Amino acid sequence: MAIWWQALLFTLSVVAVACAVVALLQKFATPTGRTHNNELGTTIFELLTVLYAIVLAFVLITAWENKEAAGQVTYREANELVDVYWSAAALEPEQRDQVREVVRAYTNEVIDEEWPAMRDQEPVSSEGLMLLDAMRAPVAGAQTDDDVTQARLDATQSGVLAISEFRTERLFAAQSGLSAAMWTVLVPGAVLVFAVMLTLGTPTRKYQFVLVGLISGMVALMLFATYQLEYPFSRSGATDPVAYETAIERFDMIDANYAHEQLF
């Protein structure tokens with residue numbers, strides 16, 4: 001189901017439950033008979049809604065920024081993989097082919113193994129680390145007297161280290177959701193705002209349904225967005241491995257169109 005349909009269904013469900021509570025409450029006390037509560041109730045309601053809105057907006061914006069940052073990390077990691085693939089041309093043919101083979105294997109490992117694990121919020125295997133070590137070994141032992149070639153070798157080694165750092169950032173972001181304490185604030189806070197709202201009197205019965213429906217719908221929509229953005233690589237709207245798939249296409253392009261001499 002598309003994410004907008006999920007959002008609509010969840011919001012309408014919350015609004016329906018809220019309106020059902022209002023209808024039940026109106027059987028025992030009409031909203032027109034509770035206007036005497038408005039002087040104190042409005043003050044409390046405004047205070048609670050402002051505090052809750054600040055917290056919810058902060059959490060939602062933080063979750064969105066974390067998702068955007070995680071997406072950028074994937075492109076940086078993929079770009080470093082392509083750079084290492086390019087600069088491996090400075091190695092001897094046997095070492096060059098070894099590094100490029102490992103770069104391809106690592107990229108496929110990210111797409112085929114690590115991505116499903118991140119999507120399911122499960123631990124990632126150490127195979128990626130083993131491949132990074134295999135990628136680093138031929139470069140670490142390479143020596144040359146040519147300054148240009150040495151610069152390429154240094155760039156390759158720096159690229160492998162950068163890949164390792166970006167991988168760590170990516171895996172950390174995949175597991176960094178909201179804490180249980182934060183959800184304890186968000187969900188009961190929404191219920192508390194709703195409870196105070198029910199104590200307020202309104203000019204008519206219909207107006208109370210409109211008031212409760214609009215506010216509960218907005219809160220539900222923001223909570224839904226926060227839940228979906230909590231983990232950048234899982235749930236609806238998760239970041240896809242497009243950057244790594246593009247990197248593989250670039251590997252093929254390099255192999256097909258550039259000879260060893262053209263890479264310097």
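These legends describe views of a predicted model of one protein chain.

View 1. The protein chain holds eight helices and zero strands. Read from the N terminus, its elements follow the order α-α-α-α-α-α-α-α. The radius of gyration is 27 Å, well over the 18 Å that the globule rule gives for 264 residues, so the chain is more spread out than a compact globule. The C-alpha trace spans about 90 × 30 × 30 Å along its principal axes. Of the contacts with a separation of 6 or more, 84% join residues 24 or more positions apart.

**View 2. Surface and charge of the protein chain.** The accessible surface amounts to about 14300 Å², and carbon and sulfur atoms account for 63% of this area. Buried residues make up 40% of the 264 residues. The side chains include 16 positive and 32 negative ones, and the centres of these two sets are 15 Å apart.

**View 3. The largest nonpolar core.** This core has 34 residues. The members that touch the most other members are Leu81, Val99, Val103, Tyr106, Met135, Tyr244 and Phe251. Two or more residues each come from helix 2 (38-87), helix 3 (93-119), helix 4 (127-140), helix 5 (147-175) and helix 8 (242-257). Helix 3 makes the greatest contribution to this core, with eight residues. In soluble globular proteins, nonpolar side chains tend to be buried together.

**View 4. Val103 and its contacts.** Val103 is one of the residues that touch the most other members of the largest nonpolar core. Not counting residues up to four places away in sequence, Val103 touches Leu81, Val84, Tyr85, Met135 and Phe251. Among these partners, Leu81, Met135 and Phe251 also belong to the group that touches the most other core members. Another core, of 18 residues, lies apart from the largest one. Its members include Ala18, Ala190, Val212 and Leu223.

**View 5. Thr11 in helix 1.** Thr11 is found in helix 1, which covers residues 3-26. The relative accessibility of Thr11 is 13%, so this residue counts as buried, the cut-off being under 20%. Leaving aside neighbours within four places in sequence, Thr11 is in contact with Gly217, Ala220 and Leu221.

Methods. Residues are numbered from 1 along each chain as its sequence is written. This is a predicted model: local features need pLDDT of at least 70, side-chain atom pairs count only at pLDDT 80 or more; totals for chains, interfaces and linings use all residues. Side-chain values use heavy atoms; hydrogens and water are left out. A nonpolar core is a set of buried Ala, Val, Leu, Ile, Met, Phe, Trp, Tyr and Cys residues joined through side-chain atoms within 4.5 Å. Buried means under 20% relative accessible area, exposed over 50%, partly exposed in between (1.4 Å probe, protein chains only). Helices (H or I, at least four residues) and strands (E, at least two) are DSSP runs, numbered from the N terminus. Contact means heavy atoms within 4.5 Å. The radius of gyration is taken over C-alpha atoms; the globule rule is 2.2 Å times the number of residues to the power 0.38. Accessible areas come from the Shrake-Rupley method with a 1.4 Å probe; for residues, only the protein chains shown count as cover. Lys and Arg count as positive and Asp and Glu as negative; His and the chain ends are not counted. The place of a charge is taken as NZ of Lys, CZ of Arg, CG of Asp or CD of Glu.
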